[in-house]
Amino acid sequence: MRISDPVKIESISEVLMKPGCPLCAFLKNEQALLLKGGMRSEEVLDLCNFHAWAFAAVTDVRHVAHIFTKVLKRRAVAGHGEDHDRCSVCARILKAEVVQLKELLLTLQSEPVRVWMEHQGTLCVTHASHLRQRAPEDLHPVIDKIVARVAKSLEVELETLLRRSGSHSNSGGGALGRAAEFIVSQRGIKH
Ligand SMILES: [Zn+2]
Ligand SMILES: [Zn+2]
């Protein structure tokens, strides 16, 4: 797994106008921060499969070795199998997601932002659904419109791709990547 270099993003509004789902963009960066030194080894109590391998790919060998030593010791106690719910990185990302979902809902109270999101913004299916669960009912149609619009434009992109490419073409990267992002969130985002 390749982990991109994290940058400082304070809030969801900083990534709102960029292409793609803003929650994916924020959480992917947050995950990179956590994996690249953003968590002290004492904070990591356990790891899921995904995040253990993500740490294994990080270049700060000493830091990760400390983290793994701690998890190893915990796991050596009988009865501590892998438990997805106990992964400390998953827990931190989940927390960050909740904060940013609330932030995005606050931002959407502004009429211009709401109109812009409705007509030009993007949300992946997963984050749209998480946002909808927390949104007041009057925002549901806005969220549904975003999802329907993005789905439609991706369908058109895929149709164009199918018309243009031969049966063994490998050049659909852009459209296929955007469709994958919409369906399952950006690569490397775990739910
Ligand atoms: Zn997303
Ligand atoms: Zn995890």
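Is Ser 185 buried or exposed, going by the other C-beta atoms within 10 Å? Here are my notes on that residue and on the rest of the chain.

1. **Ser 185.** This serine is buried, with 21 other C-beta atoms within 10 Å; the cut-off for buried is 20 or more. Ser 185 sits in the segment after α8. Have a look at its backbone too: phi is near 75 degrees, a positive value in a residue other than glycine.

2. **Confidence.** Keep in mind that this is a predicted model. The average pLDDT of the protein is 89, and 90% of the residues score at least 70. Among the elements, helix α8 (residues 173-184) has the lowest mean pLDDT, 90, while helix α6 (residues 125-134) has the highest, 97.

3. **Overall picture.** Of the 191 residues, 23% are buried. Among contacts with a separation of 6 or more, 71% are between residues 24 or more positions apart.

4. **Helix α3, the buried side.** Helix α3 covers residues 61-76, which is 16 residues. From first C-alpha to last it reaches 22 Å, close to the 22 Å expected at 1.5 Å a residue. Val 64, Ile 67 and Val 71 are buried in this helix. These three cover an arc of only 65 degrees around the axis, which puts them on the same side of α3. Part of what covers the buried residues of α3 is α2 (49-56).

5. **Helix α3, the other face.** What does the face turned away from the buried side of α3 carry? There you find the exposed residues Val 61, Arg 62, Ala 65, Thr 69, Leu 72, Lys 73 and Ala 76.

6. **Ala 52 and α2.** Ala 52 lies in helix α2. With 18 C-beta neighbours inside 10 Å, Ala 52 counts as partly exposed, because buried needs 20 or more and exposed 12 or fewer. Ala 52 and Ile 67 are 15 residues apart along the chain, and their C-alpha atoms are separated by 9.7 Å. Ile 67 is one of the buried residues of α3.

7. **α5 against α7.** At what angle do helix α5 (residues 111-120) and helix α7 (residues 140-164) cross? Their axes cross at roughly 30 degrees and come within 7 Å. Angles under 35 degrees count as roughly parallel, and α5 and α7 are therefore roughly parallel to each other. On the α5 side the contact is made by Arg 114, Met 117 and Glu 118; on the α7 side, by Val 142, Lys 145 and Ile 146.

8. **α6 against α7.** These two helices pack at an angle of about 175 degrees, with their axes 10 Å apart. That makes α6 roughly antiparallel to α7. From α6, the residues Val 125, Ala 128, Leu 131 and Arg 132 meet His 140, Ile 143, Ile 146 and Val 147 of α7. Note Ile 146 of α7: it takes part in the meeting with α6, and also in the contact with α5.

9. Which residues of α6 are buried? They are His 127, Ala 128 and Leu 131. Their arc around the axis is only 105 degrees, which puts them on the same side of α6. On the other side of α6, Ser 129 and Gln 133 are exposed. The buried residues of α6 pack against α1 (22-38), α4 (88-107) and α7. Ala 128 and Leu 131 turn up among the α6 residues that meet α7 as well.

10. **Pro 141.** This proline is found in helix α7. Pro 141 is exposed, with 10 other C-beta atoms within 10 Å. Glu 118 is one of the α5 residues in the contact with α7.

11. **Glu 159.** Glu 159 also lies in helix α7. With 11 other C-beta atoms within 10 Å, Glu 159 is exposed. Between Glu 159 and His 66 there are 50 Å in space, C-alpha to C-alpha, and the two are 93 residues apart in sequence.

Definitions and conventions. Residues are numbered from 1 along each chain as its sequence is written. Chains are lettered from A and ligands numbered from 1 in the order in which they are written. This is a predicted model: local features need pLDDT of at least 70, side-chain atom pairs count only at pLDDT 80 or more; totals for chains, interfaces and linings use all residues. Helices (H or I, at least four residues) and strands (E, at least two) are DSSP runs, numbered from the N terminus. The expected span of a helix is 1.5 Å times one less than its number of residues. The arc is that of the directions from the helix axis to the C-beta atoms. Two residues are in contact if their C-beta atoms, placed from the backbone, lie within 7 Å. pLDDT is the predictor's confidence in each residue, from 0 to 100. Axes are lines fitted to C-alpha atoms, for helices over the stretch in contact, and angles run from 0 to 180 degrees between N-to-C directions. Angles under 35 degrees count as roughly parallel, over 145 as roughly antiparallel, 65 to 115 as roughly perpendicular and the rest as oblique.
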